Amino acid sequence: MSLRAFRSALGLSLYDNPLPNGDRWIMQRLTNVVHEYYEGWFDVLYRMQARYRCKSGHDWTSSWTMILFRFYRNEKKHFGLIRLKRFGQRCAKCKDDREYYTGSCTYEEVWYITQCVLFHILQKCYEKRPIRDLDVLPYIIGIQNVPSNKPGGMAHQKEYCEACAANYCKEMFKELNKKH
Ligand SMILES: [Zn+2]
Ligand SMILES: [Zn+2]
């Protein structure tokens with residue numbers, strides 16, 4: 001799930017269904033989660049399953065792979081910005097490897113997540129509502145198009161997780177997805 005894959009999915013989606021008012025949206029890397037937050041930005045935190053491989057060749061899968069999208073619309077300038085942070089994980093087998101590895105997933109999953117982000121943008125930045133506004137329709141995903149994640153497997157290993165270190169993992173996800 002490279003930045004390029006997300007950019008490509010965003011480009012294709014916007015080509016088919018541009019966002020309102022001729023706004024141009026671009027995607028950038030979010031480097032500092034804590035310090036790059038400004039008034040008027042929205043956060044969306046996604047949980048997904050991804051596969052990992054360290055440089056020594058160890059493989060693992062985690063269903064607590066977090067991606068943070070932070071977006072903002074400048075109405076006057078007809079411009080929007082999406083910043084994304086793909087939280088990595090360290091290898092639990094290589095004790096002295098401090099590197100956070102980014103997980104990989106299929107292009108279908110990247111596409112699906114991108115549609116979800118655009119759906120959020122329509123709601124947060126344009127006050128569009130499902131059912132009422134037709135602009136939202138292309139971004140409502142049929143259940144048959146949702147990639148099937150298979151959560152489970154081993155327990156989440158907090159000490160190897162970059163999202164946990166930044167406080168953007170289990171607790172934050174559960175807090176944001178509380179049923180009211
Ligand atoms: Zn390793
Ligand atoms: Zn975590």
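**Questions on a predicted fold**

Colleague: Which residues touch the most other members of the largest nonpolar core?

Modeller: This is a predicted model, and its largest nonpolar core holds 32 residues. Within that core, the residues that touch the most other members are F6, M66, I67, I82, I121, A163 and C169.

Colleague: Which residues does A163 touch, not counting residues up to four places away in sequence?

Modeller: A163 is one of the core residues that touch the most other members. Once residues up to four places away in sequence are set aside, the residues in contact with A163 are M66, F87, Y168 and C169.

Colleague: What pattern does the chain follow along the sequence?

Modeller: The chain contains four helices and four strands. Reading along the sequence, one finds them in the pattern α-β-β-β-β-α-α-α.

Colleague: Which strands are the edge strands of the sheet?

Modeller: The four strands form an open sheet with mixed pairing, and their order is 1-4-3-2. An edge strand pairs on one side only, and this holds for strand 1 and strand 2.

Colleague: In which sense do strand 2 and strand 3 pair?

Modeller: In general, strands of a sheet pair through backbone hydrogen bonds, and the pairing can be either parallel or antiparallel. In this sheet R53 stands opposite D59 in strand 3. Strand 2 and strand 3 are joined over eleven bridges, and the sense of their pairing is antiparallel.

Colleague: What angle does helix 1 make with strand 1?

Modeller: Helix 1 packs on the sheet, where it touches strand 1 and strand 4. The direction of helix 1, compared with that of strand 1, makes an angle of about 170°.

Colleague: Across which strands does helix 2 lie?

Modeller: Helix 2 is made of residues 107-125, and it runs at about 175° to strand 2. The strands across which helix 2 lies are strand 2, strand 3 and strand 4.

Colleague: What is the radius of gyration of the chain, and why does it agree with a compact globule?

Modeller: The C-alpha atoms fill a box of roughly 50 × 40 × 35 Å along the principal axes. For 180 residues, a compact globule would have a radius of gyration near 16 Å, and the chain agrees with this because its own value is 17 Å.

Colleague: What is the phi of H78, and is the residue buried or partly exposed?

Modeller: Most residues other than glycine have a negative phi. H78, which is found in the loop between strand 3 and strand 4, has a positive value although it is a residue other than glycine. Because 13 other C-beta atoms lie within 10 Å, H78 counts as partly exposed, and its phi is near 55°.

Colleague: Where is N21, and what is its phi?

Modeller: The place of N21 is in the loop between helix 1 and strand 1. N21 is exposed, because it has 10 other C-beta atoms within 10 Å. Although N21 is not a glycine, its phi is positive, at about 65°.

Colleague: Why does K178 count as exposed?

Modeller: K178 is found in the segment after helix 4, which covers residues 170-176. A residue with 12 or fewer other C-beta atoms within 10 Å is exposed, and therefore K178 counts as exposed with its C-beta neighbours inside 10 Å numbering 6.

Methods. Residues are numbered from 1 along each chain as its sequence is written. Chains are lettered from A and ligands numbered from 1 in the order in which they are written. This is a predicted model: local features need pLDDT of at least 70, side-chain atom pairs count only at pLDDT 80 or more; totals for chains, interfaces and linings use all residues. Helices (H or I, at least four residues) and strands (E, at least two) are DSSP runs, numbered from the N terminus. A residue is buried if 20 or more other C-beta atoms lie within 10 Å of its own, exposed if 12 or fewer, and partly exposed in between; C-beta atoms are placed from the backbone. The radius of gyration is taken over C-alpha atoms; the globule rule is 2.2 Å times the number of residues to the power 0.38. Two strands pair if DSSP finds at least two bridges between them. Two residues are in contact if their C-beta atoms, placed from the backbone, lie within 7 Å. Axes are lines fitted to C-alpha atoms, for helices over the stretch in contact, and angles run from 0 to 180 degrees between N-to-C directions. A nonpolar core is a set of buried Ala, Val, Leu, Ile, Met, Phe, Trp, Tyr and Cys residues joined through C-beta atoms within 7 Å.
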